[in-house]
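Please consult the sequence and the structure shown here while reading.

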Amino acid sequence: MWRRCGALGRALALRGLPGLAPGAAGRRTASGPSPPARPGLPCGTAAAGSQLGQSKDYALPNASWSQDMLDLYNRFLDMTKDGLWKRIPSYNNILDHIPESMKLTYEKRKDTRLFLRSIDAEGAGFEYVMFLNTSEKRVVCLFQPGSYLEGHPGFAHGGSIATIIDSTIGSCAISVAGKVMTANLSIDYVNPVPLGSVVLVDSKADKVEGRKVFLSCKMQSVDGNTLHAEATALFIQLDATKAQKQQASCQ
Ligand SMILES: CCCCCCCCCC(=O)SCCNC(=O)CCNC(=O)[C@H](O)C(C)(C)COP(=O)(O)OP(=O)(O)OC[C@H]1O[C@@H](n2cnc3c(N)ncnc32)[C@H](O)[C@@H]1OP(=O)(O)O
């Protein structure tokens, strides 16, 4: 365990994550984590809904999570205790993800589902949980790709990697600029991601220029020894009038 924690510390230290000295955190099991802190952006209000039983929060350990995923999750959960990091709940409907103020302009549809949550079987699709650090303008996603995300035999499909990167960077952009859309996403695929492995997707907003948010991201293995992908992205804050027109055209 100590060796794994040390490797994890090295992996996260690449981006200077705090509080990750080997053995700094105790280990918990999937059945026994502390109740997660309720996050602010991008989905604090939805967490309340979840507690009322309105929506299931999927960004919590389940039986498919590997020990690496659980260890990493528990270490991040420890980092939420001082309030700098917040766990982002995850729901089937995108409207449960976004801040209340943004929700007002959208009508919730029952026949749609967030792409990341399109596979029901535990462990078969996107197993992930994201953590937000508002002051660092950063979102880190712990991602365990399941067997239905296969591309090359035994490895995650490039589209699934793009999806989790877009969603992680997108969550970061939303936390910085509210209503945004991806205008550009550029990914260098460096090493394939084995199905069932756990990777860290570490995204950061580097610069905001008017309505443009520039972000970057690295996807790497838990031990920090393998860089799987690197990405840069441009998100555009939606112009209110154009956003209304776009919304009207898809209803
Ligand atoms: C787990 C929870 C997940 C939650 C997060 C989900 C994240 C998922 C995000 C997505 O996947 S969104 C879906 C994919 N993206 C789209 O479908 C967007 C399609 N494109 C558009 O709708 C519009 O092109 C867009 C809103 C992006 C921009 O249109 P606008 O009319 O608002 O922008 P405009 O053309 O006025 O340009 C504004 C500025 O951005 C610049 N710009 C726009 N598109 C660009 C581009 N592609 N590359 C470089 N620059 C660009 C443009 O030059 C200009 O720069 P300046 O202000 O300096 O003049």
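Ala, Val, Leu, Ile, Met, Phe, Trp, Tyr, Cys and Pro count as nonpolar, Asp, Glu, Lys and Arg as charged, and the others, Gly among them, as polar. On this basis, the lining of the second largest pocket comprises 7 nonpolar, 3 polar and 7 charged residues. The model is predicted: local features need pLDDT of at least 70, side-chain atom pairs count only at pLDDT 80 or more, and totals for chains, interfaces and linings use all residues. Residues are numbered from 1 along each chain as its sequence is written, and side-chain values use heavy atoms, without hydrogens or water.

Of the 17 residues lining the second largest pocket, Tyr-58, Asn-62, Arg-117, Glu-122 and Glu-127 lie nearest its centre. A pocket is an open set of points on a 1 Å grid over the protein atoms alone, where a 1.4 Å probe fits, with protein on both sides within 12 Å along at least five of seven lines; lining residues have an atom within 4 Å of a point.

A nonpolar core joins buried Ala, Val, Leu, Ile, Met, Phe, Trp, Tyr and Cys residues through side-chain atoms within 4.5 Å, where buried means under 20% relative accessible area (1.4 Å probe, protein chains only). Two cores are listed below.

| Core | Size | Residues, among them |
|---|---|---|
| Largest nonpolar core | 35 residues | Tyr-128, Phe-143, Ile-164, Ile-165, Met-219 |
| Another core | 17 residues | Trp-65, Met-69, Leu-70, Tyr-73 |

Cys-217 is buried, with a relative accessible area of 3%. The C-alpha atoms of Cys-217 and Ala-183 are 16 Å apart in space, and the two residues are 34 residues apart in sequence.

Notes. Buried < 20%, exposed > 50% of the residue type's maximum accessible area, 1.4 Å probe, protein only.
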